[in-house]
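Please read it with the model open beside you.

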Amino acid sequence: MIKGLYETHLYVADLERSMDFYGNILGLEQCYFEAGRRAAFFWIGEPRQSFLGLWEKPQSAIDKRHFAFQCEADFVLYDAIDFLKSHHLPFHNFLNDGIERPMVFPWIPAVSIYFEDPDGHSLEFIGLLKGSPRPDLGVRSYEDWLEVEEG
């Protein structure tokens, strides 16, 4: 029946600023714009696969949301932090421990790093890892995950 998540929507305070962030910084392809309704839409992944809708609202109407962009695990592990730094985007791992490295969620398994958009919505780059789910392991570093997987 359900095959995936097709769309998600966010309220943003400044539509043009958010269009720049999602289009020019994150590289999403804009697929539709409605000036009168102050809305813009971006494909996530391949066109028609899924999309993000941005709707301009007053700051007081914006509730902070969270969602994750699925990426290749190698991007999250080896390139995401440099990407975020190059765009001056503060980031943190799940533990928010001040260590600049992605963390592994063994129950999936996947590796991820968090950052925010201009309105403070919590965003995440997440990449699926090979291996069997291990919910008993808790959140851990990639190096610790490798030791368990190879051990």
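1. The largest pocket has a volume of about 540 Å³. A pocket is an open set of points on a 1 Å grid over the protein atoms alone, where a 1.4 Å probe fits, with protein on both sides within 12 Å along at least five of seven lines. The volume is the space filled by probe spheres set on the points, which are joined across faces, edges and corners.

2. This is a predicted model: local features need pLDDT of at least 70, side-chain atom pairs count only at pLDDT 80 or more, and totals for chains, interfaces and linings use all residues. Residues are numbered from 1 along each chain as its sequence is written, and side-chain values use heavy atoms, without hydrogens and water.

3. Back to the largest pocket: 22 residues line it, and I44, S50, A68, F69 and Q70 are the closest to its centre. Lining residues have an atom within 4 Å of a point. β5 gives the largest share of this lining, 4 residues. Strands are DSSP runs (E, at least two residues), numbered from the N terminus.

4. What is the lining made of? It divides into 14 nonpolar, 6 polar and 2 charged residues. Asp, Glu, Lys and Arg count as charged; Ala, Val, Leu, Ile, Met, Phe, Trp, Tyr, Cys and Pro as nonpolar; the others, Gly among them, as polar.

5. The count of disulfides (pairs of cysteine sulfur atoms within 2.5 Å) is 0. C31 is in none; its nearest cysteine sulfur, that of C71, is 18 Å away. That is too far for a bond.
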